[in-house]
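Welcome, and please load the model in your viewer. We will go from the overall view to a few selections.

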Amino acid sequence: MPSIIGPVKVTSVSGGIINFGDTFYISPKGTGKASLGSGGANTGNVINTNNGLNATNTIDPDVTDQNVSGNS
């Protein structure tokens, strides 16, 4: 069913999908991988992390982690 939308300002799109109108199925696909140490991905206004000895295992013996295929 069609809809009426008001003024829209899109400032930035980074790896996403914007759709206006009728849609049956949207399936965005993407993968990412990060190796972060203790407290490395904390977000917020006030962060206090007290870390002792830290070691991040970055060894990855498998060939693929998450395959993305189909409808690409």
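The tour below starts with the whole chain and then moves to single residues.

**Before you click.** This is a predicted model, in which local features need pLDDT of at least 70 and side-chain atom pairs count only at pLDDT 80 or more, while totals for chains, interfaces and linings use all residues. Residues are numbered from 1 along each chain as its sequence is written, and side-chain values use heavy atoms, with hydrogens and water left out.

**Select the whole chain.** Along its principal axes, the C-alpha trace spans about 55 × 40 × 20 Å. The chain has a radius of gyration of 20 Å, whereas a compact globule of 72 residues would have one near 11 Å (taken over C-alpha atoms; the globule rule is 2.2 Å times the number of residues to the power 0.38).

**Switch to the surface.** Buried residues make up 0% of the 72 residues; buried means under 20% relative accessible area, exposed over 50%, and partly exposed in between.

**Select Lys 33 and Asp 60.** These two form a salt bridge, with the closest N and O atoms 2.2 Å apart. The rule asks for a side-chain nitrogen of Lys or Arg within 4 Å of a carboxyl oxygen of Asp or Glu, and by it the count comes to 1. Lys 33 is exposed, because its relative accessible area is 57%; Asp 60, at 35%, counts as partly exposed.

**Select Ile 26.** Which residues does Ile 26 contact, leaving aside its neighbours within four places in sequence? They are Ile 17 and Asn 19, where contact means heavy atoms within 4.5 Å. Ile 26 counts as partly exposed because its relative accessibility is 40%. Finally, draw a distance to Gly 16: the C-alpha atoms of Ile 26 and Gly 16 are separated by 11 Å, with the two residues 10 apart along the chain.

Key: Buried < 20%, exposed > 50% of the residue type's maximum accessible area, 1.4 Å probe, protein only.
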